[in-house]
Amino acid sequence: MNEQLSILDIIDMLLRRWILIVVSAVLVGIFAFIYSEIFISPVYSSKASLYVNSSREMTSTEISTASMTSSRQLVMTYAEILQARTFLEKVAQDLNNKYTSNEIKSMLSMEALNDTEILSITVKGTNADDVYKITRSIIKYAPDELIRVVEAGSVKVLDNASETTTPISPNIRQNTFIGIFIGILIGAFIIIVLELFDTRIKNGNEISQRYEEPLLGEIPSFVRKDVNSNNHSGRRKNK
């Protein structure tokens, strides 16, 4: 083959062996589907949120820009308090110590929602019921725990724990399409490698391109007939 391949050459390679691409895409797509369906454990999520204020009394006349700024700063402090071992052990007791405090911490994530005074709490795990119970327990004890530790401000539940039966991952459809795409790439790669290592001359044009010489002619291929079989058939007819 030519040392330098053009885009048209590559397209021609792929089109001549397109079946290999299809087979590769189907096989990898099926593998991705089966792997996502059977071997990846589904992950469930439960969310809740708290409203944090720096003062205990929240009246319209007392809320100012300074207090809102202070409340935003408190959000991340409160998040650290709710991830402390002492508090999470209390949550674990609510679930009959099915999970340790470290296991609950690994399932827990908190953040200030859109840079506001709202603390968003998310719990993820492989058991939908347990995820909901952990979130519900955190919301149950969080207000008193935060006020006890900080000794100032107020905390109110904005959203209670959400209960869900639909996993957030794996996305089987997305994984399958990704597998199909990867299969197409693998098939195309195999075709190009096979073509690059295939040194056979397939037609007269390739000879002209390789040696840069004009082609004078081609020897046609003949189909050899079995003479003996024809003679035998003729003798049978004569008989």
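Reader: Leaving aside its neighbours within four places in sequence, which residues is Leu88 in contact with?

Author: Leu88 is in contact with Leu82, Gln83, Ser101, Ile104, Lys105 and Leu108, where contact means heavy atoms within 4.5 Å. This is a predicted model, in which local features need pLDDT of at least 70 and side-chain atom pairs count only at pLDDT 80 or more, while totals for chains, interfaces and linings use all residues. Residues are numbered from 1 along each chain as its sequence is written, and side-chain values use heavy atoms, with hydrogens and water left out.

Reader: Why is Leu88 called buried?

Author: Buried means under 20% relative accessible area, exposed over 50% and partly exposed in between, with a 1.4 Å probe and protein chains only. Leu88 has 1% relative accessibility and therefore counts as buried. Leu88 is found in helix H4, and its C-alpha lies 9.6 Å from that of Ser137, 49 residues apart in sequence.

Reader: What makes the buried residues of H4 lie on the same side?

Author: The buried residues of H4 (residues 85–94) are Phe87, Leu88, Val91 and Ala92. They cover an arc of only 145 degrees around the axis, so they are on the same side of H4; the arc is that of the directions from the helix axis to the C-beta atoms. Thr86 and Gln93 are exposed residues on the face of H4 turned away from its buried side. After H4 comes Asn96, with a positive phi near 55 degrees. Helices are DSSP runs (H or I, at least four residues), as are strands (E, at least two), numbered from the N terminus.

Reader: Why is H1 called roughly perpendicular to H7?

Author: The axes of H1 (residues 7–16) and H7 (residues 172–196) come within 10 Å and cross at roughly 105 degrees. That makes H1 roughly perpendicular to H7, because angles of 65 to 115 degrees carry that name, whereas those under 35 count as roughly parallel, those over 145 as roughly antiparallel and the rest as oblique. Axes are lines fitted to C-alpha atoms, for helices over the stretch in contact, and angles run from 0 to 180 degrees between N-to-C directions.

Reader: Which residues of H1 and H7 meet?

Author: Ile10, Met13, Leu14 and Arg16 in H1 meet Ala188, Ile191, Ile192 and Glu195 in H7. By class, this contact has six nonpolar, no polar and two charged residues. Ala, Val, Leu, Ile, Met, Phe, Trp, Tyr, Cys and Pro count as nonpolar, Asp, Glu, Lys and Arg as charged, and the others, Gly among them, as polar.

Reader: How do you know that S2 and S3 pair?

Author: Two strands pair if DSSP finds at least two bridges between them. S2 (residues 108–112) and S3 (residues 118–125) have five bridges, in the antiparallel sense, and therefore pair. Met110 has Ile121 in S3 as its bridge partner. Five residues stand between the strands of this hairpin, where Asn114 takes a positive phi near 50 degrees.

Reader: What makes S2 and S4 edge strands?

Author: The open sheet has four strands in the order S2-S3-S1-S4, with antiparallel pairing. S2 and S4 (154–159) are the edge strands, as each pairs on one side only. S1 (residues 44–53) and S4 pair over five bridges, and Asn53 has Ser154 in S4 as its bridge partner.

Reader: Is Thr122 buried or exposed?

Author: Thr122, in strand S3, has a relative accessible area of 9% and is therefore buried.
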